[in-house]
Amino acid sequence: MTKQIIPAGSDPTAIGEISVPPFARLPDPTVLFASRAQRFAALALGHQLGPYLNFLAALAGAQHEIQDDLPEPELPDPETLKRARDYGMPPLDRAKFSHVAALATLEKLLSAASAIDKPKPAAEALDRLIGAGSLEQEHRMRNVLADAIPIEDLAQHVYVAAALQVHFARLASRLEAGALVPVGDGACPACGGPPVSSVIVGWHGAHGARFCACSLCATLWNYVRIKCSLCGSTKGIGYQEIDGGPGTVKAETCDSCRGYVKIFHQHKDPALDPTTDDVATLALDLLMRDGPYRRGSFNPFLIGY
């Protein structure tokens, strides 16, 4: 069961301890997916979702390994980047990205994924996706970018989502963090993607600050504490966690939009990762399903649960 926590007691870090954090921290894809692979593997030990977490660990390893053979990603031209900044839009337009470059990433990932251990349904989905034409693969990319993955075709979209994570993380890593601006509540300032979760960090110079994590490109952006990361409301914010849990993983609930997003207290447990631990804490989502709030964040590896 979950227990309700009042906001004032949800985090012992005094607001006055918070330094001036950067608005955004861009991903480093050369270490991002290798770190996720290690974290997935560590979380799999003794976990009820062990086989699935081990599969995701291997898939994250494939995401890391394919990067050396990929061409340099092409950023929007300077004029487009300036226009995005001037009008408060994400510089990486999900609707206008290069399918050609993304398809090359997908091809590499599918080849690498062929070599990893996987459940039979995942192996069959991989075979179908490899046999699909580029138009079908592009169609699945659009589904992922629209956060609208059909449940009946989930397994193929997991591979597509993994490839797009690599593609957009590489693009985002080449942006200027200082040039990013807020583009709206619940939207990544780099690619416009929804948050997968948020983290309270323990970074030097930003200790106690909160950052939302993009589910697609992995950019982190600073966000006000005790504020709904979905709709921006500061009223009716509450926190729930599994009774008897470590106190480092909570569901931040909002009475305005009736949604919730997980918040990880990384400053207490530096191993917590916004994407991998979101999957491994599925038990909290299952308990929240019995309440009035609905999951508002997006994680392609949790669709179907």
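Which residue just after H6 takes a positive phi? Asp147 does, at about 55 degrees.

1. The model is predicted: local features need pLDDT of at least 70, side-chain atom pairs count only at pLDDT 80 or more, and totals for chains, interfaces and linings use all residues. Residues are numbered from 1 along each chain as its sequence is written, and side-chain values use heavy atoms, with hydrogens and water left out.

2. Helix H6 covers residues 134-145; helices are DSSP runs (H or I, at least four residues) and strands likewise (E, at least two), numbered from the N terminus. The twelve residues of H6 reach 16 Å from first C-alpha to last, close to the 16 Å expected at 1.5 Å a residue (1.5 Å times one less than the number of residues).

3. Among the buried residues of H6 are Met141, Val144 and Leu145 (buried: under 20% relative accessible area, 1.4 Å probe, protein chains only). The buried residues of H6 pack against helix H4 (99-113), helix H5 (120-131) and helix H7 (154-173).

4. Leu164 touches Met141, Val144 and Leu145, as well as Phe97, Ala102 and Leu216, not counting residues up to four places away in sequence (contact: heavy atoms within 4.5 Å).

5. Ser197 lies in strand S3 (residues 195-200) and is buried, with a relative accessible area of 0%. A polar atom of the Ser197 side chain lies 2.9 Å from the backbone oxygen of Pro274. Leaving aside neighbours within four places in sequence, the contacts of Ser197 include Phe211, Val261, Phe264 and Pro274.

Terms used. Buried means under 20% relative accessible area, exposed over 50%, partly exposed in between (1.4 Å probe, protein chains only). A polar contact is a pair of N or O atoms within 3.5 Å; within protein, one must be able to donate a hydrogen and the other to accept it, and residues adjacent in sequence count only if both atoms are side-chain atoms.
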